[in-house]
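Welcome, and thanks for taking a look at this one.

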Amino acid sequence: MAGRPPKKIWDQFTEDSIDLTTAELAEQYKRHSRTIRDWRNFLAGKGYKVGRGYGIPTLEPRPRYNIPTLDKYEKLEGDAIVVGDLHLPFVKWKWASWLLKIAERFDIRRLLVVGDLLDAKALTYFPKKEAAVKWEVELREAENFIDCMCDWFTEIIYCYGNHERNRIIARFEGELTAERFGRLISTDSALKVSPYSYVILHTEAGKWRLTHQRNYRKTPLSVAKNLCEMHLCHIMAHHQHRMAQGFDASGNFMLVDNGGLMDEEKMDWVMLEDRVMPKPTNGFTVIHRGRPYLFNSASDFRFWLGGD
């Protein structure tokens, strides 16, 4: 009978069932564990003693595939110029020039591009309101920008924003690696592309998490505040196209909404329709000795750079 041990192994099985687990019995008698459990249930119903593991399957999980752990985000130390939301080719080159001058003023050789270097409108799945700039043009402008930055910076870390992840990487269905994507833009050894949307920067004032998060809100620093509550460190947020600076409720952590170098007058979603979204703010941030210095339209560049 399927629900009881065969007669020829009855005595041995009833003895082994006292000391061995279901998994051990299944291996010894070359039966499926479900069959072993049926046999043990039958013995228990007849008053026989059944031992450890009775009724409880012994789990020995083994991975079939080697799924990588996603913990290879960039971990850096020291000073940096931080910028995001350039949306090339819709960029204000005047601001790129000021960024280089400020980097030279502070003698900072590291540039962190925290998402949306490219607009990638040609690759979006959304209906286009205006004819998109060709993908080849965007790549050439990105190459031009990185070449200009490499004249001063010896290290450029570029991580994904929503336009890279949702337009470029999504278009290639995840098959385009960060390294290969970087080579489409520049072969300069100074450039490194990270598939993560954030960078960790350790400084003498504590840890900064520089991120191009998914979330957007109109209220300044509200997203940065929530991220600070989660990660318990200084936060610099992007994606919201405006600038603000403050502290969390404890006063222990610094919060920054970083601006961008985008030229809103060339962006159809800004110019073709009225909307109640905040006006984009141009700017970038210097992190020097762990402290953020925000540069925007209110900054006195004559003070920082000298001259008129």
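Predicted model: local features only at pLDDT ≥ 70, side-chain atom pairs only at ≥ 80, totals over all residues.

- Six strands make up an open sheet in the order S5-S4-S3-S2-S11-S12, and the pairing is mixed.
- At its edges are strand S5 (191-194) and S12, each of which pairs on one side only.
- Neighbouring strands here are turned against each other by 20 degrees on average, direction ignored.
- Strand S4 (residues 155-159) and S5 run parallel and are joined by 4 bridges; along this pair, Tyr 158 stands opposite Val 193 in S5.
- S2 and S11 run antiparallel, with 3 bridges between them, and Ile 81 stands opposite Val 286 in S11.
- S11 and S12 also pair in the antiparallel sense, over 6 bridges; Phe 284 has Phe 295 in S12 as its bridge partner.
- These two strands, S11 and S12, form a hairpin with 2 residues between them. Arg 289 in the turn has a positive phi of about 55 degrees.
- How much of S11 is buried? The count is 5 of its 6 residues, so S11 is largely enclosed by the rest of the structure.

**Helix H4 on this sheet**

- H4 lies across S2, S3, S11 and S12, running at about 15 degrees to S11.
- Helix H4 (residues 93-106) has 14 residues, and from its first C-alpha to its last it reaches 20 Å, close to the 20 Å expected at 1.5 Å a residue.
- Which residues of H4 are buried? They are Trp 95, Ala 96, Leu 99, Ile 102, Ala 103 and Phe 106.
- Seen down the axis of H4, those buried residues fall within an arc of 125 degrees, so they line one face of the helix.
- Lys 94 and Glu 104 are exposed, and they sit on the face of H4 turned away from its buried side.
- The packing partners of the buried residues of H4 include strand S2 (80-83), strand S3 (110-114), helix H5 (135-150) and helix H10 (301-305).
- Just after H4, Asp 107 takes a positive phi of about 55 degrees.

**Helices H5 and H7**

- The axes of H5 and helix H7 (residues 178-185) come within 8 Å and cross at roughly 85 degrees. That makes H5 roughly perpendicular to H7.
- On the H5 side of this meeting are Trp 135, Leu 139, Ala 142, Glu 143 and Ile 146, while H7 brings Phe 181, Leu 184 and Ile 185.
- In H7, the buried residues are Ala 178, Phe 181, Gly 182 and Ile 185. Viewed down the axis of H7, they fall within an arc of 105 degrees, so they line one face of the helix.
- These buried residues of H7 pack against H5, S4, helix H6 (162-171) and S5.

**The other sheet**

- A second open sheet of 6 strands has the order S1-S6-S7-S8-S10-S9, with mixed pairing.
- Strand S1 (74-77) and strand S9 (244-247) are its edge strands, each pairing on one side only.
- In this sheet, neighbouring strands are turned by 15 degrees against each other on average, direction ignored.
- Strand S8 (residues 234-237) and strand S10 (residues 254-257) run parallel, joined by 3 bridges; here Ile 235 stands opposite Leu 255 in S10.
- Helix H8 (residues 222-231) lies across strand S7 (206-211), S8 and S10, and runs at about 140 degrees to S10.

**Backbone details to look for**

- Most residues other than glycine have a negative phi, and most peptide bonds are trans.
- Leu 221 has a phi near 70 degrees, a positive value in a residue other than glycine. Leu 221 is found in the loop between S7 and H8 and counts as buried at 15% relative accessibility.
- The peptide bond from Leu 88 to Pro 89 is cis, with omega near 15 degrees; Pro 89 lies in the loop between S2 and H4.

Technical notes: Residues numbered from 1 in each chain as written. Heavy atoms only, no water. Pairing = 2+ DSSP bridges. Axes fitted to C-alpha atoms, helices over the stretch in contact; angles between N-to-C directions. Contact = heavy atoms within 4.5 Å. Expected span 1.5 Å × (residues − 1). Buried < 20%, exposed > 50% of the residue type's maximum accessible area, 1.4 Å probe, protein only. Arc of directions from axis to C-beta. Parallel < 35°, antiparallel > 145°, perpendicular 65-115°, else oblique.
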